[in-house]
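Here is a short briefing to read alongside your viewer.

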Amino acid sequence: EIHIKEPIEKEVNPRLLPGELLLCEANMVYKYIQEDGSNRGTYGKLICTNFKISFLDEDSASDDNEPQFKNKIIGENDITLQCVDQIYGVYDEKKKLLTGQLRKYPDKLIIYCKDLRVFHFCLRYTKEEEVKRIVSGIVHHSQTPKLLKRLFLFSYASAAPNNTDGRNQTVMFDTLEDWRDELERTKGNVKYKAVVTNEGYRVSEKLPLYFVVPICVSEENILKFQGRGIPIWCWSCHNGAALLKMSTFPKEQDDNTSQMQKAFLDGIYRTISNPPYELLKTEDLSSSLPSLQDIQTAYTRFKQLFLIDNSTDFWATDVKWFSLLESTNWLEIIRRFLKKAIEVAECLERQHSNVLLIEESATDLCCVISSLVQVMMDSYSRTKSGFQSLIQKEWVTGGHSFLDRCNHLHKNDKEEAPVFLLLLNCVWQLVQQYPPAFEFTETYLTVLSDSLYVPIFSTFFFNSQHQKDTNMTAESLKTQSGPFRFLTVWDWSVQFEPKAQALLSNPLYAEKPKPDKSQRKTTRFKHQRQLSLPLTQTKSSPKRGFFREETDHLIKNILGKRIGKFIINSSDEPHNSFREFYDSWHSKPVDYHGLLLPSIDGPEIKVWAQRYLRWIPEAQLPGGGTIATAAKILDLMEEVQSLQVKMDEEHSQAVSRDVQAVPMLRNSARLSSLFPFALLQRQSVKPALPTSTWKDLEDEDDLVKRDDEFVDLSGDMS
């Protein structure tokens, strides 16, 4: 049976942003509702602009069906060109990946998105010329290499009025004052100084204009090797111990250069190991953590579990869910990064040692570990403005190559790796384990991950501060209309109305530093699909890292020389020390404004359900999930606030109260665990037997043989 909405009679015009141009369109395109093969859907127009791919139907013309949590930039049927992951064409029921020039055009188009949405479009009823234009247009504009200046970011910045929200409290770390304020906030200004050596980018184009180094490091030393081999300050602990990072020297060097670099490093190392500096411990992240290629491979496998074409596919994978999840290795990678961050926190907190993180460029794994350590140790980084300032400091001005790692320009697939997404996955583990410690919600983290692919903000679309500044200067000269400015993603009013923004803030955030023992063990919400792996013995890391204090090892690592495999007898000591620190912390009540250590054993590492399952109707819990609890809490808060107002009126207290906006979750019974990204969808009926078993119903013997494949997952699993 085919359910078809009649073709739209009235013309639906696309809503275009400033600077957005319509490139191609096709009428009479049929969009399937992702279902179980019933072919339900609606007719409409498919368009491609220099910003997005969009499907327009009669619902697009009315505001009646607008979701409560509406993004003002990206609609329900909009896909930004940077959000397109892969495009498949269906030819005679066979799927084929579409890239480059096409000789034959498909009957169906399937678009897989980086935010894990899946769109199915039928082109059988569309004019042949329009099919050619729209398919080749979409493939060309979303999949082929492009120049940086061709990003919509530049078109939008040139055409849009610059009326950014001045109330944004995020520290951007683009001025010397920002760095000095951060030094003062963390009490690091006694031993460390902000330097202006890189003004005009005369040291390095990869380093920010301003950064912080130990007071004993001279300008001459910073200039000597373009900033390589220099310990750069990240953060200072309350006890004076500091977290530092350092980029290594190129691996291929002649002997004379190597000797010079070794002598240089020896001097630097000796200088920062003497009083007033604490004992220095170094950690070579390249040898103790998964490589960028490992991270990319694991995430590519992991995301396939959630790019579901139809209901049949979902239930077919459900039978072997645990083995599929474990084989991706994604949760294990998250666990290893959290464990490394705990090791670093132990050195800073308990051993009062400075920790120097070493990596080839110090802009990938260093960013993840330094950010995690600060989120775990500094309660300011757990506020919304503090977390945003942290990302600005460690990632944006810190020189993380967002353009290459997100492959926004489709220039080099080998450079692609979801490093920033890995950080958000790690932070989510902490947010879901200790909700009262964070001012922001998991919804905040989810929309932040989506914003990686929205090219109207400059935050995630440059490789360095130098690249951004150079392009801004060039555009300002070209337009001659005053300073050229990009939007920052931290101005949430660009994407959301105040009512929707309220869902980004945690109403149960513990603002006062009063430890509450009763909240130590938070309720674990059940999900229809188990979101963590069963408790098994954790895999030992193949490349186990340990803190090295020997100068010679340090220098060899920084110089990039390959060190033969060697074993140190005391290698168990750091592990025992770590375990003692970890177990000791977990045996005490949580101080939500103090040190936070995530639980990393076995099933404690979970799948970020909201981000990965939000578009899959089969995975929803009608009237359940964390949102059901949030709805009840918000109802209570609204009631408390109204009672407070009444009490104030009775006592004639004319005191103006700063009442936080509470999002109204009306008809909470109709909400599902997919909220706020999707409202309650159709009920999904799980087949009584696995999909593969239906084929064997005629043969009773075969059915008995396959009996062990059946697992009843119709109830809640935990």
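Predicted model: local features only at pLDDT ≥ 70, side-chain atom pairs only at ≥ 80, totals over all residues.

**Helix 13 against helix 15**

- Helix 13 spans residues 384-396 and helix 15 spans residues 419-433; the two pack at an angle of about 145°, with 13 Å between their axes.
- Their crossing is right-handed.
- On the helix 13 side, the contact involves Phe 387, Ile 391 and Trp 395, which meet Val 419, Phe 420, Leu 423, Leu 424 and Val 427 of helix 15.
- The residues of this contact comprise eight nonpolar ones, with no polar and no charged residues.

**Gln 143 in helix 2**

- Gln 143 belongs to helix 2, which covers residues 128-143.
- Is Gln 143 buried or exposed? Its relative accessibility is 16%, so Gln 143 counts as buried, the cut-off being under 20%.
- Setting aside neighbours within four places in sequence, Gln 143 has contacts with Val 84, Asp 85, Gln 86, Ile 87, Ile 138 and His 410.

**Lys 468 in helix 17**

- Lys 468 sits in helix 17, made up of residues 465-479.
- With a relative accessible area of 25%, Lys 468 is partly exposed.
- Beyond residues up to four places away in sequence, Lys 468 touches Ser 458, Phe 462 and Phe 486.
- Of these, Ser 458 is 10 residues from Lys 468 in sequence, and their C-alpha atoms are 8.0 Å apart.

Technical notes
Residues numbered from 1 in each chain as written. Heavy atoms only, no water. Axes fitted to C-alpha atoms, helices over the stretch in contact; angles between N-to-C directions. Helix = DSSP H or I, 4+ residues; strand = E, 2+ residues; numbered from the N terminus. Left-handed = near helix turned anticlockwise from the far one by under 90°. Contact = heavy atoms within 4.5 Å. Nonpolar A, V, L, I, M, F, W, Y, C, P; charged D, E, K, R; others polar. Buried < 20%, exposed > 50% of the residue type's maximum accessible area, 1.4 Å probe, protein only.
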